[in-house]
Amino acid sequence: MTTTYRQKLIINVIALVAVAGVFAILTPRFLTDVNLTNVLRNVAPVVIVGSAFTLLMVARGLDLSVGSVIALSGCIAALAAGIEGLPLPIAFLMGIAAGAVIGLINAVLTVPFGINAVIATLGTLYVARGTAQLLTGGVSVYGVGDDFDRLGNGSFLGIANPIWVMLIVVVVFMALERFTLLGRYAVATGSNPEAAFLSGVPGRRIQATLYVLTGAMAGLAGVLLASRLRSGQVNVGVGFEFDVIVATILGGTSLAGGEGTVSGMLIGALIVGILANGLNLIGVPAFWQTVAQGVVLVLAVGLDVALRARLKRRRRAAATGAGAQAAA
Amino acid sequence: MRHPTSNRPVGRLRGVAVIAAIAAIGVMPASTTAQDGDSVVAGKRLTFITWGNASEYQIAQGEWFKQFAEAEGASVNVIDGKIDPLAQIKAIEDSVAAGVDGIVIQQIDPVPVVAAVNAAKEAGVPIMNVGGLADPSAMIPVGGTFNDEQLVRESARDAAQWLRDTGREKAEIVLFDVPQNIVCHDWRMAAFKDELIKELGADNVVDVYNDLVDQSLDVVTTKMEDIIQSGRSFNIYSACGGTGAVGGLDALTSAGRAKMENGIPADTWVLSIDATPGELAYLLDPEVSLMNTIALTPKTNAEVFLANFKQILSGEIAPDANHVAEAPGVLFRKADGCEIVSTALADQYAIVPGYQAVDCSTIGS
């Protein structure tokens, strides 16, 4: 973890505490079990997808199809459970698998074929959404059975199921990030692809793996949302990719790759989630909420740029100083 | 003045009747004051969750409800539903967490919000649905349902009469639908086609194009241009919402279609729904064959919604009753004339910032 990144993380933690603190002061309803559960349950899909998405961005990848994958996987799970009458675990696995397949397509398009990730994943964005519409005839899928919504609306030991799923995914991806070669190679690939290649890091394989994982996590989020909505919704997830990107960048992941953590993304997602929730609690009009979210994103990116510029100046100063010493 | 194809008396007398009907419906049922004379909403914090603030109707509906409720001492937060069931779920949950005293919601889709609605009921927060039927498993009162279907069917009968009067055997229809939306599909487009079938017989109603079209202006216009370019013959057109109608009409008029001849449509009979300013300009244009426009009445509907919600708060309607009230729309025909249309709608939409009433001096009557 670089100094710059550590600084960003500290600032984010302070920002999270500050935002939560402001709302806790403005309304006594903020720091209640019910409300905090709402916040965590609402950010869960973003965090689940963001966990894999962060590592992908660290490795200089990008996936704009996640929102459409959420719709596709949710519809497939609903069709499998409702129309085909398959057992729920099978239906849910089919939804997740559909996400992984789209991830694989993204991997093939971007890695061996070398298509720009923005273009490739924009393409799969349309393919996934269109496929969902084809499969469902453009209408929502109902009649999924009474147990379908247990995953999205149920709880275990008093904690909502989506929160459990989010926690498990975060722990798994933090472990991948810190304790496996996948995580370390992602950083190496993103920091300096040429040097990584020369060092024998299988950068292309790492990226491909991360595309598949991102797709699978989008599939999982889609299944979770479909369960929460008690139906397969063709139009769910529109713009979701931007929610994930905002959380990831706000959490300190660099747009240039090579830097970012799952824990940072979690903080970023919580900042955005608390902001949206708090503004609703105190009754701020919807248009102002949209403006606020845009301002937060610009500030986050601005902070990234400012810290990098400062680091560059320091390095230049250090290099100039070292050069002068050597000359002397 | 008589209707151009049905010869029924229309015009000023009917227009006066329309306005009188709106005014009559706006008179609230006697109810809902606390024993000391204050309204039951006085001092209450309420949330109004819209379907989505993409249309002036939605904005007006929310703002009128807020104005009327706050005039009686309530405080109202209007939340944009963003045409997203998930956003509505979050709005319900946040409102319950905020400890509001009541929630009114125009559900985009009744099924996804059931869990959130039930949670609100369990938390003791009265919640009422408006605009469409609630999911039966949630068992919440419906404070007002639009009568789109009734007006759409009436318009289909007008269209069928035009076909008969002009010696056309078949209705060749183009419908720009949003199939996943119950209001668009079930109450409007499917009902329109169904009524045509009842009037003309299934063999005489042909789908030239009847499918999902993203109801944004550029998409609709392009789609209609492609249909015109394909050379397929059609004589009836409608779209789910105002934007769909205007986009389609833009393309039709640019291609020299949707004209009037001797006061009746020369080639295409058009129905629009929402009565946005763009539609009204076409409705009141004597050269364009937009014949009927269904106008939603946000001010009147907001009064109905508040009246019903007060009955829930006062206990006159049980919070889990399957109660349905009607929130009326209005059917304007071309023959009604600008003054009537403009006056009625200006009153309904006056609360929308920047709303511009139709200027009858610039439009032929």
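Strands here are DSSP runs of E with at least two residues, numbered from the N terminus, and that numbering lets us place Met139(B) in the loop between strand S4 (127-131) and strand S5 (142-146) of chain B. Keep in mind that this is a predicted model. Met139(B) has a positive phi of about 45° although it is not a glycine. That's worth a second look, since most residues other than glycine have a negative phi. As for its surroundings, Met139(B) counts as partly exposed because it has 16 C-beta neighbours inside 10 Å, and 20 or more would be needed to call a residue buried.

Lys82(B) is another non-glycine residue with a positive phi, in this case about 55°. Look for Lys82(B) in the loop between strand S2 (75-79) and helix H3 (85-97) of chain B. Is Lys82(B) buried or exposed? With 22 other C-beta atoms within 10 Å, Lys82(B) is buried.

Now step back to the layout of chain B.

Within chain B, Gly102(B) is a handy landmark in strand S3 (residues 102-105). Gly102(B) is buried, with 25 other C-beta atoms within 10 Å. Leaving out residues up to four places away in sequence, Gly102(B) touches Lys44(B), Leu46(B), Val125(B), Pro126(B), Phe309(B) and Leu313(B).

Over to helix H6 (residues 182-200) of chain B. At 1.5 Å a residue, its 19 residues should span 27 Å, and the end C-alpha atoms are 25 Å apart, which agrees. Even so, H6(B) bends by about 40° at Ala191(B). Its buried residues include Ile182(B), Trp187(B), Phe192(B) and Leu196(B), along with Arg188(B), Lys193(B) and Glu195(B). What covers the buried residues includes helix H5 (148-165) and strand S6 (171-177), as well as strands S7 (205-212), S8 (236-239) and S11 (269-273) of chain B. Just after H6(B), Gly201(B) takes a positive phi of about 95°.

What about the core? The largest nonpolar core has 206 residues, and those with the most contacts inside it are Ile48(A), Val49(A), Met217(A), Ile92(B), Val104(B) and Ala159(B). Helix H10 (residues 203-229) of chain A provides the largest share, 16 residues. Both domains of chain B give residues to this core, so it lies between them. Pick out Ala159(B) and you'll find it touching Ala171(B), Leu196(B), Ile236(B), Trp269(B) and Leu271(B), not counting residues up to four places away in sequence.

Last, the two chains. Their contact takes 25 residues from chain A and 22 residues from chain B. On the chain A side, helix H2 (33-58) and helix H12 (262-281) are the elements that give two or more residues. The largest share, four residues, comes from H2(A). By class, the side of chain A that touches chain B has eight nonpolar, 14 polar and three charged residues.

Notes
Residues are numbered from 1 along each chain as its sequence is written. Chains are lettered from A and ligands numbered from 1 in the order in which they are written. This is a predicted model: local features need pLDDT of at least 70, side-chain atom pairs count only at pLDDT 80 or more; totals for chains, interfaces and linings use all residues. A nonpolar core is a set of buried Ala, Val, Leu, Ile, Met, Phe, Trp, Tyr and Cys residues joined through C-beta atoms within 7 Å. A residue is buried if 20 or more other C-beta atoms lie within 10 Å of its own, exposed if 12 or fewer, and partly exposed in between; C-beta atoms are placed from the backbone. Domain bounds come from an automatic or database domain assignment. Two residues are in contact if their C-beta atoms, placed from the backbone, lie within 7 Å. Ala, Val, Leu, Ile, Met, Phe, Trp, Tyr, Cys and Pro count as nonpolar, Asp, Glu, Lys and Arg as charged, and the others, Gly among them, as polar. The expected span of a helix is 1.5 Å times one less than its number of residues. The bend at a residue is the angle between axes fitted to the seven residues ending there and the seven starting there.
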